Amino acid sequence: MAKLPPAVARLRAAVRGGLADLPTGSLVLVACSGGPDSLALADTVAFCAPRQGLRAGLVSVDHGLQDGSADRAADVAAWARGVGFDPAEAVRVEVGADGGPEGAAREARYAALDAAAERYGAGAVLLGHTRDDQAETVLLALVRGAGPRGIAGMRAVRGRYRRPLLGIARSDTHEACAERGLKPWADPHNDDPRFLRSALRPALDSLVAVLGEDLVANLARTAALVGEDTDYLDALALTALDECRGASAGDGLDAKRLAALPAPIRTRALRAWVLESGVNGAELNHRHLAAVDALVAAWRGQGPAFMPGGIAVRRSGGRLTAAAP
């Protein structure tokens with residue numbers, strides 16, 4: 001028997017591990033653009049899923065932002081049907097303007113994937129993000145001045161979404177495509193400096209040249225370590241939040257109890273509470289949270305703190321309340 005190419009072996013091991021806890025008969029949907037990362041993932045799932053007693057499906061999202069995008073998505077879906085994916089479909093989405101081009105496309109894509117998962121009863125949706133993507137995410141978080149939640153980067157598992165290749169180098173997905181005779185699509189947006197992540201890639205290459213090949217792996221490892229700490233602190237914060245609530249949701253939070261909490265727990269509890277009030281998490285930033293925290297930790301009778309969407313957080317009678325405009 002011919003020896004399995006190392007890159008293919010690494011991908012199969014990663015995917016097997018990423019699917020190991022799913023019940024027999026579960027459907028896993030692969031989100032596949034046709035690029036090397038998602039195509040290598042899809043090819044690996046086509047091999048691994050049936051051997052683990054799982055069903056494999058695929059969704060190729062057409063954002064409609066490039067010439068030929070509909071044909072490309074249809075070709076990916078046709079390839080998927082040919083190698084045994086069922087269902088395998090191309091889905092067209094309308095990309096809005098909110099959040100910039102990258103953010104708007106991401107929002108439309110996840111909405112389509114969520115809808116497909118509900119439509120087919122998928123147990124998991126698999127994304128092709130690699131270790132290199134994780135390193136880029138950490139650097140972008142540092143550039144934005146993000147806190148631990150941003151530095152924690154992408155999670156291997158979040159809800160129905162799974163990223164089994166987060167420990168796999170991008171070079172491995174390219175090598176696996178070559179070894180398996182796959183013909184991935186080269187997205188021109190990946191080389192377009194108008195997009196921040198694309199502009200970052202040459203800079204990351206320069207950093208690797210100066211700081212060494214371990215940089216990407218170490219950035220990804222940092223994300224994993226910070227993620228574990230963040231999850232633990234978030235869990236403590238949710239417990240503390242419940243202890244600060246009133247008898248009903250409209251009673252708000254006890255400001256005195258909040259003030260007694262350690263700052264890392266208090267700010268996390270306040271963030272969770274603000275999100276419960278209907279604030280869009282993508283629009284919430286550290287300035288908003290600092291203003292809410294000041295109502296607790298630096299109270300001097302100030303007026304309300306306004307959140308995205310016009311939601312006002314007020315302190316009155318020793319309690320915090322949040323109200324829509």
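Surface patches are made here of residues with over 30% relative accessible area and no salt bridge, with nonpolar side chains (Val, Leu, Ile, Met, Phe, Trp, Tyr) joined within 5 Å and like charges within 9 Å. A salt bridge is a side-chain nitrogen of Lys or Arg within 4 Å of a carboxyl oxygen of Asp or Glu, and accessible areas come from the Shrake-Rupley method with a 1.4 Å probe, only the protein chains shown counting as cover for residues. The model is predicted: local features need pLDDT of at least 70, side-chain atom pairs count only at pLDDT 80 or more, and totals for chains, interfaces and linings use all residues. Residues are numbered from 1 along each chain as its sequence is written, and side-chain values use heavy atoms, leaving out hydrogens and water.

One such nonpolar patch, of about 300 Å², is made by L207, V210 and L211. L207 lies in helix α8 (residues 196–211); helices (H or I, at least four residues) and strands (E, at least two) are DSSP runs, numbered from the N terminus. Because its relative accessibility is 34%, L207 counts as partly exposed, the class between buried (under 20%) and exposed (over 50%), with a 1.4 Å probe and protein chains only. Of the 325 residues of the protein, 44% count as buried.

Turning to the strands, six form an open sheet of mixed pairing in the order β3-β2-β1-β4-β6-β5. Its edge strands, β3 (88–92) and β5 (157–158), each pair on one side only; pairing requires at least two DSSP bridges between two strands. Strands β4 (residues 124–126) and β6 (residues 161–162) run parallel, joined by two bridges, and L126 stands opposite R162 in β6.
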